[in-house]
Amino acid sequence: MEFLDTDAKKSILYWSKRLYQRGMSPATSGNISIKTKDGIMISASGCCLNDMDENDIVLIDYDGNVKEGTKKPSSEKIMHSEIYTHRDDINAIIHCHCPMITAFAVAGVPIKKPILPDFALYWDEIPLVSYHCPSSIDLATSVGECFKQNNVALLKNHGIVLGDTSLQNAYYKLDLIRAYVEAYFGAEVLGGARAISKKDVNEIKKLYRK
Ligand SMILES: [Zn+2]
């Protein structure tokens, strides 16, 4: 198991700002965490990811109890904890309400058409979790279930959550999905998002597995 506690706070602050400034986490939405040897380092409840400082990061245990810090942890703390509990290989999680990605979760349009090679390399489809009240145990449980087989979940009428080995990797994957949905929207406006063939998808997967 890889622990990233040395610079966990710095890392959370850095990638939070990148996320906000990319337009992926409007207002006070979204939350970010890193798994450390002492528990989960997570952003505080109600803070804007662009304006946080070290005091807005809280250390919690896997039941959501505060171990270190003065602020209230993000209300989605149990969702983060569920993911870490199911997945030993995930060290960092980003949950955000990126408007372009969320549009798919609102319209019920699956994110799966292989229109871009880099998307097709990582995903056949971004799984969709049915709507549950934000911050609820039901949402946390459903997302945890989804993560048994996936590193990402689109949350119906809500947003997206993605886990990876580091916050940097999680951010890059999210940015890829953001680029995908923007290309999809643009292509639809210009006459239709056309997929690459199954053969092309297989070729790209083979190429990067070498
Ligand atoms: Zn949310």
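A: We begin with terms: helices (H or I, at least four residues) and strands (E, at least two) are DSSP runs, numbered from the N terminus, and two strands pair if DSSP finds at least two bridges between them. This is a predicted model, in which local features need pLDDT of at least 70, side-chain atom pairs count only at pLDDT 80 or more, and totals for chains, interfaces and linings use all residues. Residues are numbered from 1 along each chain as its sequence is written.

Q: How many helices and strands are in the chain?

A: The chain holds seven helices and eight strands.

Q: What is the mean pLDDT of the chain?

A: The term pLDDT denotes the predictor's confidence in each residue, from 0 to 100. Here the chain has a mean of 95, and 97% of its residues reach 70 or more. Over residues 1–5, however, the pLDDT is below 50; in the model this stretch has 13 contacts beyond near neighbours in sequence. Two residues are in contact if their C-beta atoms, placed from the backbone, lie within 7 Å.

Q: How does the radius of gyration of the chain stand against that of a compact globule?

A: The radius of gyration is taken over C-alpha atoms, and the globule rule is 2.2 Å times the number of residues to the power 0.38. For 210 residues a compact globule would have a value near 17 Å, and the chain agrees, with 17 Å. Its C-alpha trace spans about 50 × 35 × 30 Å along the principal axes.

Q: Which strands does β2 pair with?

A: Strand β1 (residues 31–36) runs antiparallel to β2 and is joined to it by four bridges, with a hairpin of two residues linking them.

Q: Is β2 enclosed or open, and is α7 enclosed or open?

A: A residue is buried if 20 or more other C-beta atoms lie within 10 Å of its own, exposed if 12 or fewer, and partly exposed in between; C-beta atoms are placed from the backbone. Five of the five residues of β2 (residues 39–43) are buried, so this strand is largely enclosed by the rest of the structure. Of the twelve residues of α7, the number buried is zero, so that helix lies largely in the open. In the chain, 39% of the 210 residues count as buried.

Q: Which residues touch the most other members of the largest nonpolar core?

A: In soluble globular proteins, nonpolar side chains tend to be buried together. A nonpolar core is a set of buried Ala, Val, Leu, Ile, Met, Phe, Trp, Tyr and Cys residues joined through C-beta atoms within 7 Å. The largest one here has 55 residues, and Ile-12, Ile-94, Val-143, Ala-153, Leu-154 and Ile-160 touch the most other members. Helix α6 (residues 167–189) gives this core its largest share, eight residues. Beyond its neighbours within four places in sequence, Ile-160 has contacts that include Cys-96, Cys-98 and Ile-101.
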